[in-house]
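Let's take a walk through a protein together, one piece at a time. Keep the structure open beside you as you read.

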Amino acid sequence: MSPLDQLNTAIKHFHAGQYAEAKTLLKQVTTSSPELMMAQVYLAQIAVLDGKGQQWIPALQELVTQVPHSHQIFHVLGQCLQQAKQLPQAATAFHTALTLVSIQTEQDWQPSQTSFSAAPFTQEQGEELLWQTLSLLKRHGVYAFACAGTLLGLEREGSLLANDKDLDIGLDWLQMDKAIQVLTEHGWNEASRSYDLMNPRCFRHQKTGIALDLCGFGTDNASGETMCGLWVEGIPFHWNRITFFPKIALSNRSTPAGEVWHLSRPDLVLTALYGENWRTPDGDFDTIVCAHNLRQFSWLSYCYGYSRLYAQWLRGNTARAIRILEVLRTHKPQDTVLSQISRQLDALHTQHSNQKRVLALGYFDLMHEGHLRYLEFARQQGDALVVGIAPDSFCLQSKGYAPIMNEAQRRNLITALAIVDESHIVAAPMAQTQAAAEWIDSLNIKTVVCGIEWQGSERWQKLEQTLAPLGIEVIYAPKTDGISTTQIKQKVYLQNGIQ
């Protein structure tokens, strides 16, 4: 394998979350072909994940003098500087990365495809663990309660949000150490060093793998107001991302797991964070950047704002990028780079809106002729073909087993097809009608193509009715006879004498 092939393979491993394999190949590339500088950039990103990004600052600073046009090098340098708590310098590096992307966009640079990840747990699993954990903390004298996205789902939907990625629990900041002790004694481990934050602290449940953000709420000694946010230890406190809330009052609530604490006026807390329209679903709201109770944009706020704008722009998620940009421009109205990006994103969003974008859905396990015929039919229905690949977790939940090929492998095959313009991991099962419709609409889809075997099913009738007011039609593709993934599996079993 040539060094360039090694680098490309390492990058694939990196984006599939296979960091050990990526690191081994990247080290080989840096030794044999130091001119392939992107190997160092990806090694620096892995170092950030390991909490060792500071070690890469000198190397990246040298790289940007050699390759001053690389937005990716500046972005990773920003990550390393942020981890080293050099926030003003980190914000400058992130801003430079945005500047370079803006320039390259003018030269017909194209964003990469958006990657959506599905919820790592079902609503039922998440709620069961939420109530168990809140009840556990209450029994140990900790005043803990549902907050942020978890609270939003409970109050707006009557359940966790359909595609929630973690649980959010608030508590008295002074009880943080006690809560951590209780959790670690009952099956929770700290996750990813809590992303180098002292608030919130992040944990992962050993048995289920579900993540939890433990958010400390304190009191501002000067004003007496309630504060929360993202706080880094060892920096001036005003550099942190600080949010303000109304006074926290709790009351008892009965749950299947026992008594828990719950906010007495959850509507006031949700209004403070999400605004007056918190009852209306808004898939483009970025809580970290767009929170309504951020009174000032600190150095940490700018680091998150610039880096998240960069990430959403590169993923092609223009709607969310525009929302983040709007907030940044309120704080930096004279920033000519942000103004230029605004014009570029608006043009890109208009372009997507004018296209007839068609969505095809499936597992696409053991890719075969039937899949190709389905995708070809879908491509003929519009201007751009977007493919949604169902994640492994959906198969595990509905069928009890995983696909033969994992979601990264299946997506790589789909993306390689010339007829496919974009590919995404499906964010919500189609049976979760409202969540699925919101995800489909977020992709600016005009037509959804489904296999004809689903026509008339209760699931798809509900989805059709929900999508119709959004101007999205559903059509059904003819079936290719004589071929299916199940038939391929059965043939393999027979040839190998497996019953």
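Two strands count as paired if DSSP finds at least two bridges between them. With that in mind, look at this predicted model and find strand S6, residues 226–230. On one side, strand S5 (residues 211–219) runs antiparallel to S6, joined to it by 2 bridges. Here Thr219 stands opposite Thr226 of S6. The hairpin of S5 and S6 has 6 residues between the strands, and among them Gly224 takes a positive phi near 80°. S6 also pairs with strand S7 (residues 241–245), again in the antiparallel sense, over 5 bridges. In that pairing, Thr226 stands opposite Phe245.

How enclosed is S6? In a regular strand the side chains alternate between the two faces of the sheet. In S6, Thr226, Cys228 and Leu230 lie on one side and Met227 and Gly229 on the other, and both faces are covered. Because 5 of its 5 residues are buried, S6 is largely enclosed by the rest of the structure.

Now for the cysteines. A disulfide needs two cysteine sulfur atoms within 2.5 Å, and by this rule the count comes to 0. For Cys147, the nearest cysteine sulfur belongs to Cys215, 4.0 Å away. Cys147 is buried, with a relative accessible area of 3%. The sulfur of Cys395 is 16 Å from the closest cysteine sulfur, in Cys450, which is too far for a bond. Cys395 is buried too, at 3% relative accessibility.

Finally, visit helix H14, residues 336–354.

Conventions
Residues numbered from 1 in each chain as written. Predicted model: local features only at pLDDT ≥ 70, side-chain atom pairs only at ≥ 80, totals over all residues. Heavy atoms only, no water. Helix = DSSP H or I, 4+ residues; strand = E, 2+ residues; numbered from the N terminus. Expected span 1.5 Å × (residues − 1). Buried < 20%, exposed > 50% of the residue type's maximum accessible area, 1.4 Å probe, protein only.
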